[in-house]
Amino acid sequence: NITIPNSVTSIGRNVFFGCTSLINVTIPNSVTSIGMGAFGSCTSLSNITIPNSVTSIGRDVFNGCTSLSNITIPNSVTSIGMDAFCGCTGLTSIEIPNSVTSIGEGAFYKCASLSNVTIPNSVTSIGMGAFAYCKSLSFVLIPNSVTSIGERAFKGCISLINVTIPNSVTSIGREAFKDCDKLQ
């Protein structure tokens with residue numbers, strides 16, 4: 001368990017990377033940035049609180065945190081970076097706040113247990129491979145704010161049976177829904 005003190009304003013790159021016994025982390029409101037891969041491959045991490053002071057979830061921050069089943073993203077976050085939750089196979093649902101405008105490439109790639117995701121009206125782009133191989137994802141509602149869906153965004157989502165694509169979407173990338181065999 002780690003409690004980060006109020007004197008800390010940023011968590012650097014790969015600080016806790018590969019700490020496989022780390023279970024709980026408390027981040028204080030003084031922290032405004034979390035560096036690339038900060039908690040990557042912390043395979044036992046199951047509980048973390050991200051404070052309202054954090055404005056972005058960067059690249060690979062929780063990549064490979066296989067025990068992370070639930071996480072609350074605060075309203076202060078405006079972007080979810082590349083591979084931020086990639087390989088979080090225990091993640092079952094996520095609520096993305098209205099403050100988020102972009103979901104990065106591979107943000108939820110191979111989150112095999114992710115069955116429920118709410119994409120808010122603030123999101124304008126869904127990055128390449130953002131939800132690829134989320135094998136439990138069955139329904140996606142894409143809001144009217146989205147203008148682009150990246151290549152392979154939902155590729156391999158084998159449980160996906162229903163997708164609503166609004167008129168606001170002007171581009172859908174190559175293989176965006178490839179291998180979504182149940183999609184009607």
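## How do we know? Reading a predicted model

The secondary structure of this protein comes to zero helices and 15 strands. Helices (H or I, at least four residues) and strands (E, at least two) are DSSP runs, numbered from the N terminus. This is a predicted model, where local features need pLDDT of at least 70 and side-chain atom pairs count only at pLDDT 80 or more, while totals for chains, interfaces and linings use all residues. Residues are numbered from 1 along each chain as its sequence is written, and side-chain values use heavy atoms, with hydrogens and water left out.

Q: What makes F16 and F39 a stacked pair?
A: Rings of Phe, Tyr and Trp (its six-membered ring) pair if their centres lie within 6.5 Å; planes under 30 degrees apart count as stacked, over 60 as edge-to-face and the rest as tilted. A search of the whole structure finds eight aromatic pairs. In F16 and F39 the ring centres are 5.3 Å apart and the planes are at 10°, so this pair is stacked.

Q: Why can the pair F16 and F39 be said to tie together parts of the chain?
A: F16 sits in the loop between β2 (10–11) and β3 (24–26), and F39 in the loop between β4 (33–34) and β5 (47–49), so the pair ties together parts that are 23 residues apart in sequence.

Q: Why is F154 with F177 also called stacked?
A: Their ring centres are 5.3 Å apart and their planes are at 5°, so the pair is stacked. F154 lies in the loop between β13 (148–149) and β14 (162–164), and F177 in the segment after β15 (171–172), so here too parts 23 residues apart in sequence are tied together. Both pairs draw on residues of one aromatic cluster, formed by F16, F39, F62, F85, F108, F131, F154 and F177.

Q: How do you know whether F16 is buried or exposed?
A: Buried means under 20% relative accessible area, exposed over 50%, partly exposed in between (1.4 Å probe, protein chains only). F16 has a relative accessible area of 16%, so F16 is buried. F39, with 0%, is buried as well, and F154 counts as buried at 0%.

Q: Which residues touch the most other members of the largest nonpolar core?
A: A nonpolar core is a set of buried Ala, Val, Leu, Ile, Met, Phe, Trp, Tyr and Cys residues joined through side-chain atoms within 4.5 Å. Of the 56 residues in the largest one, F39, F62, F85, F108, F131 and F154 touch the most other members. With contact meaning heavy atoms within 4.5 Å, and leaving aside neighbours within four places in sequence, F108 is in contact with residues including F85, L91 and F131.

Q: Why do β1 and β5 count as edge strands?
A: Two strands pair if DSSP finds at least two bridges between them. β1 and β3 pair in the parallel sense over two bridges. The open sheet has the order β1-β3-β5, with parallel pairing. β1 (2–3) and β5 each have a single partner strand, so one side of each is left without a neighbour in the sheet.

Q: How do you know that the radius of gyration agrees with a compact globule?
A: The radius of gyration is taken over C-alpha atoms, and the globule rule is 2.2 Å times the number of residues to the power 0.38. With 184 residues, the rule puts a compact globule near 16 Å; the protein has 16 Å, which agrees.
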